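Look at the empty spaces in this protein. Rolling a probe the size of a water molecule over the atoms shows where such space is left.

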Amino acid sequence: MKKRRTPIAVKKRVCRNGNYNGRFGCGSDCPVYACSVFHFRAVPKMDFFPDSSSGFGRRAADVGFFGIYFLISGLEDIQRVFMYHGAEHKCINCIEHGLELNVENVRNSSRLHKRCGTSFLFLVVCISIIFFLFIHTQSGLLRIVIRLLLVPVIAGCAYEVIRLAGRSEHAWINLISKPGLALQKLTTREPDDSIIEVGIASVEAVFDWKAYIKEMEELP
């Protein structure tokens with residue numbers, strides 16, 4: 001009778017196949033470890049992309065990262081944090097539309113913003129999937145080095161997309177921005193007037209919005 005493969009043996013086989021990059025525990029190797037725990041075969045490599053198992057299977061943990069927001073969004077304290085986040089966006093939108101920064105104008109502004117950090121994180125995950133999809137190396141150490149080197153590249157690409165989205169209303173740019181804006185509906189809430197007042201005070205402490213609006217009005 002064939003001896004049943006142990007989780008450690010499965011892990012070693014994954015290493016030999018080049019499907020394990022040495023990052024064990026949390027992060028994007030969770031799907032591979034889950035396979036070993038339940039005595040399943042390791043995540044198979046698909047021939048139509050080099051290292052597609054790394055690009056898709058291991059990015060499942062990144063998708064799960066956003067799932068955390070969904071799980072905690074019902075907590076009362078987190079709801080209040082999301083209200084402050086929404087107030088921040090509403091204040092910036094109010095200023096960028098050339099309106100005076102007061103409670104009424106802020107209340108009527110949108111709580112979604114194209115340059116939000118939530119949208120940035122979403123783009124980082126999407127761009128990393130594309131980059132890591134085409135990385136193929138048998139060395140786990142080399143894979144870690146390559147991925148670390150690509151971190152600033154991926155972040156830079158995401159930043160440039162966010163920056164472009166903030167100053168362009170092109171149809172394609174708006175389409176790219178939609179998933180991030182939809183995700184912001186989860187990470188922001190409509191604030192009450194007291195939270196809006198806190199948002200206004202915070203903006204006024206770090207930014208001369210009156211000078212900014214004056215500069216906007218002087219533009220041709």
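Which residues lie nearest the centre of the second largest pocket? They are Asn-93, His-113, Lys-114, Ala-165 and Glu-169, out of 13 lining residues.

This is a predicted model, in which local features need pLDDT of at least 70, side-chain atom pairs count only at pLDDT 80 or more, and totals for chains, interfaces and linings use all residues. Residues are numbered from 1 along each chain as its sequence is written, and side-chain values use heavy atoms, without hydrogens and water.

On a 1 Å grid over the protein atoms alone, a cavity is a set of points where a 1.4 Å probe fits but cannot get out; a pocket is an open set with protein on both sides within 12 Å along at least five of seven lines; lining residues have an atom within 4 Å of a point. There are 2 cavities of 30 Å³ or more.

| Space | Volume | Lining by class |
|---|---|---|
| Second largest pocket | about 280 Å³ | 3 nonpolar, 5 polar, 5 charged residues |
| Largest cavity | about 70 Å³ | 6 nonpolar, 3 polar, 1 charged residues |

Helix α8 (140-167) gives the largest share of the pocket lining, 3 residues. The largest cavity takes at least two lining residues from each of α7 (117-133), α8 and α9 (171-187). Val-161, Ile-162 and Ala-165 are among the residues that line this cavity.

Helix α8 has 28 residues.

Terms used:
Points joined across faces, edges and corners; volume = space filled by probe spheres on them. Helix = DSSP H or I, 4+ residues; strand = E, 2+ residues; numbered from the N terminus. Nonpolar A, V, L, I, M, F, W, Y, C, P; charged D, E, K, R; others polar. Expected span 1.5 Å × (residues − 1).
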